[in-house]
Amino acid sequence: MRFLGLVWANLTRKKLRTTLTIGSFAVATFLFGLLVTIRGAFSGGADVAGTDRLTVINKTSLIMPLPYSYLSRLQQVPGVAAVTFATWFGGVYQDERNFFPQFAVDKDSWFRVYSEYVVPGDQLAAFMRDRQGCLVGRALARRFDWKVGDRIPLRGTIWPGTWEFNLDGIYDGHRPGVDTSQMLFRYDYLEERRAFGKGTVGWYVVKLANPDDAVKVAAAIDGGFANSPYETLTQTEKAFAAAFAKQMGNIELLVLTIGGVVFFTLLLVTGNTMAIAVRERTAEIAVLKTVGFADTVVLGLVLVESLLIAGQGGALGLLLAKLFTLGGDPTGGVLGTFYLSWNAIGLGLGLALLVGAAAGALPAVAAMRLDVARALRRA
Amino acid sequence: MVTVDGRGDGGLIRVRDLDKTYRRGSEEIHVLQGLNLDVGRGEFVAFMGPSGSGKTTLLNLLGGLDVPTSGSVTVAGDEITAMSSARLTAWRARHVGFIFQMYNLIPVLTAFANVELPLLLTRLTKAERRRHVAAALAVVGLADRSRHYPRQLSGGQEQRVAIARAIVADPTFLLADEPTGDLDRKSAGEIMELLARLVSEYGKTVLMVTHDPRAAERAQVVLHLDKGVLVEGSALGAAGR
């Protein structure tokens with residue numbers, strides 16, 4: 001603590017340079033924050049997927065259905081607390097550019113399994129009564145300016161024709177990061193109107209009595225349907241969400257690549273800046289060592305300086321990114337979630353500090369190894 | 001008593017058979033050769049000699065900033081030439097005050113903060129450090145300039161701050177390398193007056209390198225370094241009179 005004044009004085013010695021270096025950290029971590037947020041949006045909620053849920057799909061492919069009759073068999077599997085199911089609808093609202101996910105779900109079991117969806121009681125009751133009813137997420141409602149009571153027509157792409165729905169309610173997530181860009185409607189309405197595929201569902205979602213039993217229950221489910229015409233593949237919801245997101249391309253790789261390039265560039269810029277700063281102060285560092293500052297103290301002073309720059313810039317960038325995401329999805333609802341988690345902020349700050357330490361390491365070691373007599377002669 | 005024949009009693013500083021050789025490519029440059037020196041407490045010694053005669057090298061070796069090729073330096077019973085780098089750094093903090101020709105103040109720190117630097121390495125509390133710094137600045141006559149930055153001070157005042165920094169931790173001895181080399185005549189006179197006062201009033205031991213005969217006059221003993229060997233000069237300095 002007693003050296004903080006010295007570190008601070010060095011930081012403020014060239015205000016413009018320090019400000020620009022802090023600024024470059026801020027820009028990099030701001031970009032990091034946005035990239036992580038976008039990755040989260042494209043990962044289909046993999047980061048916030050329930051740890052107590054398994055997804056059961058057709059082993060051949062996600063797009064192949066499973067029989068409705070599996071419902072009762074799944075309910076019998078030991079360790080299963082509840083089962084629900086959903087079917088991808090693939091409808092178009094007005095224009096194909098207005099894409100959003102629509103699922104036909106089982107009205108009775110869906111909300112028992114997905115407790116993170118919050119629907120006002122009266123709206124949920126209306127949905128239960130209305131066969132043509134639907135619920136939409138808050139982000140989706142905002143995107144199209146829908147209000148409860150609106151009539152929503154969709155053009156079916158899998159099951160042709162115009163399908164009309166009554167907007168009975170708008171759901172929210174009980175925690176940040178829950179996808180509110182979806183539309184849920186009743187499976188019995190789909191089953192009643194569709195011309196083919198009757199008696200099938202897209203996939204099942206199983207809620208576990210104990211999350212620790214995930215592997216055992218998954219094996220029991222898949223074993224039970226082995227060698228049947230509809231073999232199953234059971235995986236955790238997180239793995240399912242990640243696999244689903246990969247259908248849109250490897251967003252994670254994209255994020256990692258861009259983030260990596262940005263941070264590497266930052267490492268070079270900051271490393272160079274710190275090296276210049278230390279070189280300019282060679283005589284002063286020699287004086288510090290002359291009056292008795294130990295090599296390790298000199299090393300620490302330079303490293304702390306670098307870490308303070310990184311920490312301030314990182315915190316500023318991540319704060320700005322957080323504020324930006326709090327403003328809501330800038331696409332108006334195309335992204336299901338637009339949420340920068342505190343974990344991601346912690347990771348970003350950690351990365352910034354790591355880059356700061358790496359950038360400061362070489363100049364710090366150079367300062368530590370400085371030959372005092374030679375440096376004083378040059379001064 | 002200052003002697004250079006290797007037969008002195010050591011007193012405070014005892015140097016024996018000190019050699020320092022630099023290597024430049026394949027060429028060996030013998031800067032100091034078999035140098036002996038004994039300095040007692042409270043002495044004011046000036047080293048004179050032509051450029052390249054090894055004055056600053058000798059000062060660096062006495063202050064533990066450089067290591068000799070052979071020979072020994074013992075200060076107050078501690079053989080510093082046998083110390084590790086880390087121990088030597090700690091020893092320096094406790095025993096040596098350095099004064100440089102170019103003052104070498106940290107430009108972004110106030111006079112107060114510059115003087116406080118050596119005390120940051122001690123266990124003194126903030127209040128105690130403040131008292132010590134105030135006392136040191138008062139000794140050099142700059143009590144009213146503590147909040148000034150080096151750029152706001154004249155050369156003479158900067159050197160006074162540097163002297164305050166050198167004495168603030170109450171070191172065993174002071175090493176001054178051309179302390180008046182960058183000052184006008186009046187300021188140089190004031191600095192030399194101050195150094196002489198540190199010896200006469202505060203009992204400090206001062207070893208100074210200088211080119212300036214007027215500055216050397218203030219020392220009790222003037223030693224000449226020529227071709228790496230010390231020869232006794234005069235004991236005519238004002239402090240000795």
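What share of the 379 residues in chain A is made up of buried residues?

## Chain A as a whole

In this predicted model, buried residues make up 51% of the 379 residues in chain A. The secondary structure of chain A consists of 14 helices together with 12 strands.

## The interface between chain A and chain B

The contact draws on 20 residues from chain A and 25 residues from chain B, and the two chains bury about 2000 Å² between them, with 67% of that area on carbon and sulfur atoms. On the chain A side, the residues that lose the most area to chain B are Arg2(A), Thr290(A) and Val291(A), which together hold 30% of what that side buries.

As for specific polar pairings, the count of salt bridges between chain A and chain B is zero, while two residue pairs are found in polar contact across the interface, both at pLDDT 80 or more. Helix H1 (4-11), helix H11 (282-290) and helix H14 (372-378) of chain A each supply at least two residues of the side that touches chain B, and the largest share of that side, five residues, comes from H11(A). Sorted by class, the side of chain A that touches chain B holds 11 nonpolar residues, three polar residues and six charged residues.

## The largest nonpolar core

The largest nonpolar core has 78 residues, of which Leu37(B), Phe47(B) and Leu207(B) touch the most other members. Although these three residues belong to chain B, the largest share of the core, seven residues, comes from helix H12 (residues 295-326) of chain A.

The surroundings of Phe47(B) can be described in some detail. Leaving aside residues up to four places away in sequence, Phe47(B) touches a set of residues that includes Leu37(B), Leu58(B), Leu59(B), Leu62(B), Leu207(B), Met208(B), Val209(B), Leu223(B) and Leu230(B), and Lys55(B) and Thr210(B) are also among the residues it touches.

## Val365(A) in helix H13

Val365(A) lies in helix H13 of chain A, a helix that covers residues 342-368. Is this valine buried, partly exposed or exposed? Val365(A) has a relative accessible area of 27%, and because buried means under 20% and exposed means over 50%, Val365(A) is classed as partly exposed. Val365(A) and Val298(A) are 67 residues apart along the chain, and their C-alpha atoms are separated by 8.8 Å.

Key
Residues numbered from 1 in each chain as written. Chains lettered and ligands numbered in written order. Predicted model: local features only at pLDDT ≥ 70, side-chain atom pairs only at ≥ 80, totals over all residues. Heavy atoms only, no water. Contact = heavy atoms within 4.5 Å. Buried area = accessible area lost by both parts, 1.4 Å probe. Salt bridge = Lys/Arg side-chain N within 4 Å of Asp/Glu carboxyl O. Polar contact = N/O pair within 3.5 Å; in protein donor to acceptor, adjacent residues only side chain to side chain. Helix = DSSP H or I, 4+ residues; strand = E, 2+ residues; numbered from the N terminus. Nonpolar A, V, L, I, M, F, W, Y, C, P; charged D, E, K, R; others polar. Core = buried A, V, L, I, M, F, W, Y, C linked by side-chain atoms within 4.5 Å. Buried < 20%, exposed > 50% of the residue type's maximum accessible area, 1.4 Å probe, protein only.
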